[in-house]
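This report looks at one protein chain. Please have the model open while reading.

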Amino acid sequence: MAAVQTLSSTAIQNRKAETLNAQSIRKTVAVREIEIVNDTTIEFNGHRLEMTKDAFAQLIGMVGMSQTFAKKFEKLFDAEVKARFINQMKNAMASQMNEITMIVSPTTKRIVGFTKRATDLISNERFIGLVDQIVDQHGFSVSNWGVDPNQGLVTINAFNPKAEFSVAGLNDEVFQAGLTLRNSPNKGIEVMPYVNRMWCTNGLTAPLAAESYQLHDLTQPSMEKFFQHMAELRKNGFQPQGFQKLIKDANNTSASMHELQRAHSMAKRYVGDAADNWIPLNENRSAYRTGGIEIDNFDADQMKNARSNQSIWSVVNGLTHIATHAPERLAFNMGDRESTQLMVDAGSMLGKKWDLGAQVPNPWKTNEIDQKAQVGLWLN
């Protein structure tokens with residue numbers, strides 16, 4: 001098995017400098033001074049400022065409105081009426097929440113988040129200090145360090161070379177366990193399970209609920225709970241609970257054509273038309289057409305029920321292979337920022353409810369209806 005490549009001390013120091021330079025800018029303003037123009041723009045002090053989707057979701061959440069309600073409201077009326085309604089709600093809330101903090105990207109100057117208090121944002125400097133502490137305490141090596149100043153997001157993958165485990169009954173499924181640590185304006189510090197698949201050294205972030213943790217502030221009570229969580233993870237060798245069963249199930253569950261198409265879109269973002277080398281979407285489409293099945297006319301529900309020739313585990317590994325090896329071997333325009341995000345996206349696909357996951361074997365071995373066996377049709 002190949003060894004997992006890790007970042008040198010020099011590379012880590014360079015990433016730390018990038019992380020500090022990518023620190024989001026905070027500006028606390030009066031709630032009444034902000035006017036929402038639409039889902040992507042606010043007006044402040046006579047200037048229009050762009051904001052991300054996450055920032056908009058945070059802002060309307062603070063005034064007590066869900067995104068689902070906002071979308072339904074716009075369908076019933078229009079975008080202008082929706083914006084006016086949200087502004088009325090915001091102004092009504094101003095008596096309870098006088099100020100709000102805008103979080104701005106240092107590169108794009110777009111708003112990437114909103115918080116009720118300026119102290120709700122954990123600085124990248126404090127985040128680096130916490131990462132150093134975790135790496136030193138648990139004997140971790142750092143394999144990836146991605147910085148996205150446009151979103152204010154920092155993602156680090158670290159693992160313990162000694163925390164190795166295998167999946168019983170599956171050859172070559174041996175992993176090294178570790179953690180993905182992220183800091184963002186929207187979710188604070190997140191800790192999620194991370195594994196290296198030793199057969200191909202692919203890295204994967206698995207956002208499983210039992211091991212995932214969010215840290216929104218660095219107060220003493222919060223830090224005590226956080227380190228208690230870390231101690232529990234260490235007891236289990238950082239191996240995610242239920243991960244072995246998840247891998248077995250993924251290995252035995254077919255990906256739907258909808259899932260294959262989604263994964264292909266993720267891959268194409270980074271490797272272009274070469275995506276079929278990892279996610280064989282067009283091969284599967286051709287098989288349907290050859291069989292006289294008009295897959296090009298399928299709606300979303302039909303695509304979710306259409307079986308591909310790939311397992312969920314195969315699709316996930318296709319994505320993680322791109323994330324891990326495309327930057328170093330294939331010379332695609334992809335760095336740690338893109339790699340770490342694709343590892344998270346692949347993990348989300350592994351951890352979601354699969355389209356064909358609830359299907360069970362049947363004794364008829366076919367989807368065709370036997371007309372001669374239809375008892376109800378012969379009753380009179």
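## Basis

This is a predicted model: local features need pLDDT of at least 70, side-chain atom pairs count only at pLDDT 80 or more, and totals for chains, interfaces and linings use all residues. Residues are numbered from 1 along each chain as its sequence is written, and side-chain values use heavy atoms, with hydrogens and water left out.

## Overall build

The protein chain holds twelve helices and 14 strands. Both are DSSP runs numbered from the N terminus: helices are H or I with at least four residues, strands are E with at least two. The C-alpha atoms fill a box of roughly 75 × 60 × 40 Å along the principal axes.

Of the 380 residues, 47% are buried. Buried means under 20% relative accessible area, exposed over 50%, and partly exposed in between (1.4 Å probe, protein chains only). Among contacts (heavy atoms within 4.5 Å) with a separation of 6 or more, 65% join residues 24 or more positions apart.

## Surface and charge

The accessible surface is about 19,800 Å², and carbon and sulfur atoms supply 48% of that. Areas come from the Shrake-Rupley method with a 1.4 Å probe; for residues, only the protein chains shown count as cover.

The chain carries 40 positive and 40 negative charges, and their mean positions are 3 Å apart. Lys and Arg count as positive, Asp and Glu as negative; His and the chain ends are not counted. Each charge is placed at NZ of Lys, CZ of Arg, CG of Asp or CD of Glu.

## Helix α2

Helix α2 spans residues 53-62. Its buried residues are Ala55, Phe56, Gln58, Leu59, Ile60 and Met62. Just after α2, glycine 64 has a positive phi of about 90 degrees.

## Aromatic pairs

Rings of Phe, Tyr and Trp (its six-membered ring) pair if their centres lie within 6.5 Å; planes under 30 degrees apart are stacked, over 60 edge-to-face, the rest tilted. There are eight aromatic pairs. Phenylalanine 140 and phenylalanine 238 have ring centres 5.0 Å apart and planes at 65 degrees, so they are edge-to-face. They sit 98 residues apart: phenylalanine 140 in the loop between α5 and β7, phenylalanine 238 in the loop between α6 and α7. Both are buried.

Tyrosine 288 and phenylalanine 298 are also edge-to-face, with centres 6.2 Å apart and planes at 85 degrees. Tyrosine 288 lies in helix α9, phenylalanine 298 in the loop between α9 and α10. Tyrosine 288 is buried at 15% relative accessible area; phenylalanine 298 is partly exposed at 24%. Elsewhere, ring pairs link Phe165, Phe175, Phe243 and Trp313 into a cluster.
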